[in-house]
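Trainee: Could you walk me through reading some local features of a model? I'd like the general idea each time, then the case at hand.

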Amino acid sequence: MSFKNSTDENFQKQISGSKLSLIQFSAEWCNPCQVLKPIIEKISNDLSDKIECFYHDIEKEPNEPVKFSVRGVPTVILFKEGKVLGTKVGARSEKDMLEFINPHL
C-alpha cells in the first residue's frame, strides 16, 4: 500500500520532495472522507512512481491543517518541493482527482 499516514511531525519532510505529494486531510467521523480514501489509495498505488499520497487526520494531528487553512474535510492539497500546486475540497471521483493531479505529473 502506497497511501501512508501523515503526522504534524513528519509533514514538512513529506511535502518537500521533488516527487508530487498529495495530502488528504480527513477525519474518521467524516463519511465523504471515507468515500475518498479508497480512491486516493488506488491512485497512490497506480501512480506510485510519480506521486506520494498521505492521509492526515485533522483531529489527531491538528497543527499542519491550520497552517493551510483547512476548514472542511476532506481537503486534498497537492504539493511539490514544499509549494502548494492545488487544493480540492469535498469527495471527488477518481476521474476528478486524476484531472487534478495529471497536469502536474
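Trainee: Which backbone oxygen lies 2.7 Å from a polar atom of the side chain of Ser21?

Mentor: A bit of background before that. This is a predicted model, where local features need pLDDT of at least 70, side-chain atom pairs count only at pLDDT 80 or more, and totals for chains, interfaces and linings use all residues. Residues are numbered from 1 along each chain as its sequence is written, and side-chain values use heavy atoms, with hydrogens and water left out. Now your pair: the backbone oxygen belongs to Gln14.

Trainee: Is Ser21 buried or exposed?

Mentor: Buried means under 20% relative accessible area, exposed over 50%, and partly exposed in between (1.4 Å probe, protein chains only). Ser21 has 1% relative accessibility, so it counts as buried.

Trainee: Which residues does Ser21 touch, not counting those up to four places away in sequence?

Mentor: Contact means heavy atoms within 4.5 Å. On that basis Ser21 touches Gln14, Ile15, Glu52, Phe54, Ile77, Leu78 and Phe79.

Trainee: And where is Phe100?

Mentor: Helices (H or I, at least four residues) and strands (E, at least two) are DSSP runs, numbered from the N terminus. Phe100 sits in helix α4, residues 94–101, while Ser21 is in strand β2, residues 20–26.

Trainee: Which residues of α4 are buried?

Mentor: They are Met97, Phe100 and Ile101. Seen down the axis of α4, they fall within an arc of 90° (taken from the directions from the helix axis to the C-beta atoms), so they line one face of the helix. Those buried residues pack against β2, α2 (31–46), β3 (51–57), β4 (75–80) and β5 (83–89).

Methods. Polar contact = N/O pair within 3.5 Å; in protein donor to acceptor, adjacent residues only side chain to side chain.
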